[in-house]
Amino acid sequence: MKTIIINIQELLQIRDASVEKISGSEMAVLPSLKNAYLVFENDVISDFGLMENYPKNIFDKTIDASGKVVLPAWCDSHTHIVYAGNREQEFVDRINGLSYEEIANRGGGILNSANKLNETSEEELYNQSKKRLEEVMKLGTGAVEIKSGYGLTVEGELKMLRVIKKLSQKYSVKIKATFLGAHAFPLQYKDNHKGYIDLLINEMLPKIAQENLADYIDVFCETGYFSVDEMEEILKAGKKYNLIPKVHVNQFTIIGGIKAAVTNNALSVDHLEVLSDEDIETLKNSNTMPVALPSCSYFLSIPYTPARKIIGAGLPLALASDFNPGSTPSGNMNFVVATACIKMKMTPEEAINAATLNGAYAMGIENDYGSITLGKKANLIISKQVNSFYELPYAFGSNLIDTVIINGEIVI
Ligand code: NIG
Ligand code: FE
């Protein structure tokens with residue numbers, strides 16, 4: 001099957017295969033072609049160029065993109081899409097004055113979701129989660145990382161990871177799986193951290209490795225959750241099973257998580273709503289991708305990750321949704337990109353770089369996803385008719401997506 005998209009007003013994010021991530025001032029540049037065509041054969045981009053040179057061969061399908069922009073589908077490198085039930089009561093409790101921390105301290109928060117998850121069958125969990133996956137695919141997400149972390153029991157964590165695996169087998173969207181058993185301490189281990197960490201290392205990890213259920217390992221390194229030492233112990237144990245760290249750090253407090261993550265060769269450090277100069281220096285000497293989650297800041301009314309400081313230091317930055325029932329009940333990457341522009345003062349070029357190629361890097365799939373590059377997967381967004389791509393973040397509440405192509409298949 002050979003498809004050509006013609007008359008593209010602007011084809012965005014054209015990169016050479018050698019570019020694996022974009023850093024610092026380079027993020028302000030989004031290489032593009034105006035009045036372009038693009039060809040994909042089955043699931044792979046096989047040609048693109050200016051309309052004046054467009055190939056006159058016979059194609060199975062022609063899509064006319066007059067007045068529309070085409071860009072790589074979003075690469076959402078941080079989500080918790082697999083969960084059971086919802087937490088809208090906590091949302092109302094926060095409106096009425098309780099903080100996220102106060103809700104967690106009285107047994108709500110992550111533990112609330114864990115109770116619901118452990119009472120839900122694998123089949124039901126799959127059915128609830130697939131709806132969210134289908135929703136974000138229609139919103140232009142073509143690759144997504146999904147974490148466990150609402151089980152907090154051997155069976156619960158395995159159930160989540162098996163659901164993630166099943167989703168990746170059934171859907172064309174690219175999925176990477178992360179084991180986040182260290183998301184919170186279950187109530188019965190509140191005063192016995194060692195007991196839970198032993199369970200995680202000695203029972204969960206070997207089973208996960210045996211069934212090949214995870215690519216990455218995550219820890220919520222934060223005051224009241226996992227300490228830096230506890231994180232390091234867990235990351236080192238994960239390394240024995242070839243699980244690469246991608247961690248939650250610096251969401252509410254600075255406790256040294258970034259340095260420990262970098263020392264353990266983390267692929268990404270995510271959240272960073274609070275960030276010290278020392279953290280920036282640490283990141284400068286690493287291959288670790290900083291990841292900002294602006295929808296989480298929006299929903300919890302906490303600070304936004306200081307994008308200008310990060311990019312100004314010459315570092316790369318990725319944007320992800322953090323889709324989860326507690327801090328970010330939305331997986332809309334269009335809103336993420338718009339919010340990064342509006343609240344974090346990222347330019348549209350920077351935000352699109354952050355949500356495509358840098359997002360792909362943050363989940364280790366930059367060789368096949370995240371840019372318009374010959375040989376990469378045909379994962380594409382075709383916008384509605386717009387004046388320019390600036391309209392995408394500008395019209396932040398509108399859905400300006402016309403067509404989404406994932407793995408060469410039209411999703412919407
Ligand atoms: O990334 N910060 C830790 N984990 C999630 C939220 C978890 C929850 O509240 O359910 C996050 O924001
Ligand atoms: Fe998260």
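I will start with a term: buried means under 20% relative accessible area, exposed means over 50%, and partly exposed is in between, with a 1.4 Å probe and protein chains only. This is a predicted model, in which local features need pLDDT of at least 70 and side-chain atom pairs count only at pLDDT 80 or more, while totals for chains, interfaces and linings use all residues. Residues are numbered from 1 along each chain as its sequence is written, chains are lettered from A and ligands numbered from 1 in the order in which they are written, and side-chain values use heavy atoms, with hydrogens and water left out.

Helices and strands here are DSSP runs, numbered from the N terminus: H or I of at least four residues for helices, E of at least two for strands. Helix H13 covers residues 348-355. How many of the residues of H13 are buried? Eight of its eight are, and H13 is mostly covered. By name, the buried residues are Pro348, Glu349, Glu350, Ala351, Ile352, Asn353, Ala354 and Ala355.

Now its partner, helix H12, residues 333-344. The axes of H12 and H13 come within 9 Å and cross at roughly 140 degrees. Axes are lines fitted to C-alpha atoms, for helices over the stretch in contact, and angles run from 0 to 180 degrees between N-to-C directions. Under 35 degrees counts as roughly parallel, over 145 as roughly antiparallel, 65 to 115 as roughly perpendicular, and the rest as oblique. H12 and H13 are therefore oblique to each other.

Contact means heavy atoms within 4.5 Å. On the H12 side, Met333, Val337, Ala340 and Cys341 meet Pro348, Ala351 and Ala355 of H13. That contact divides into seven nonpolar residues, no polar and no charged. Nonpolar covers Ala, Val, Leu, Ile, Met, Phe, Trp, Tyr, Cys and Pro; charged covers Asp, Glu, Lys and Arg; the others, Gly among them, count as polar.

Asparagine 353 sits in H13 and is buried, at a relative accessible area of 0%. What does its side chain reach? A polar atom of that side chain lies 3.0 Å from the backbone oxygen of valine 29. A polar contact is a pair of N or O atoms within 3.5 Å; within protein, one must be able to donate a hydrogen and the other to accept it, and residues adjacent in sequence count only if both atoms are side-chain atoms. Beyond four places in sequence, asparagine 353 is in contact with residues including Gln13, Arg15, Ile22 and Asn358.

Arginine 15 comes up again with threonine 373. Threonine 373 is in the loop between helix H14 (357-361) and strand E14 (380-385), and counts as buried at 4% relative accessibility. A polar atom of its side chain lies 2.8 Å from the backbone oxygen of arginine 15. Its contacts beyond four places in sequence are Arg15, Asp16, Ala17, Ile45 and Phe48.

Next, phenylalanine 59, in the loop between strands E3 (44-50) and E4 (61-64). Phenylalanine 59 is buried at 14%, and touches Lys2, Thr3, Ile4 and Val39, not counting residues up to four places away.

Last, two loop residues with positive phi. Asparagine 42, between strand E2 (32-41) and E3, has phi near 50 degrees and is partly exposed at 46%. Serine 301, between helices H10 (294-300) and H11 (307-312), has phi of about 55 degrees and is exposed at 65%.
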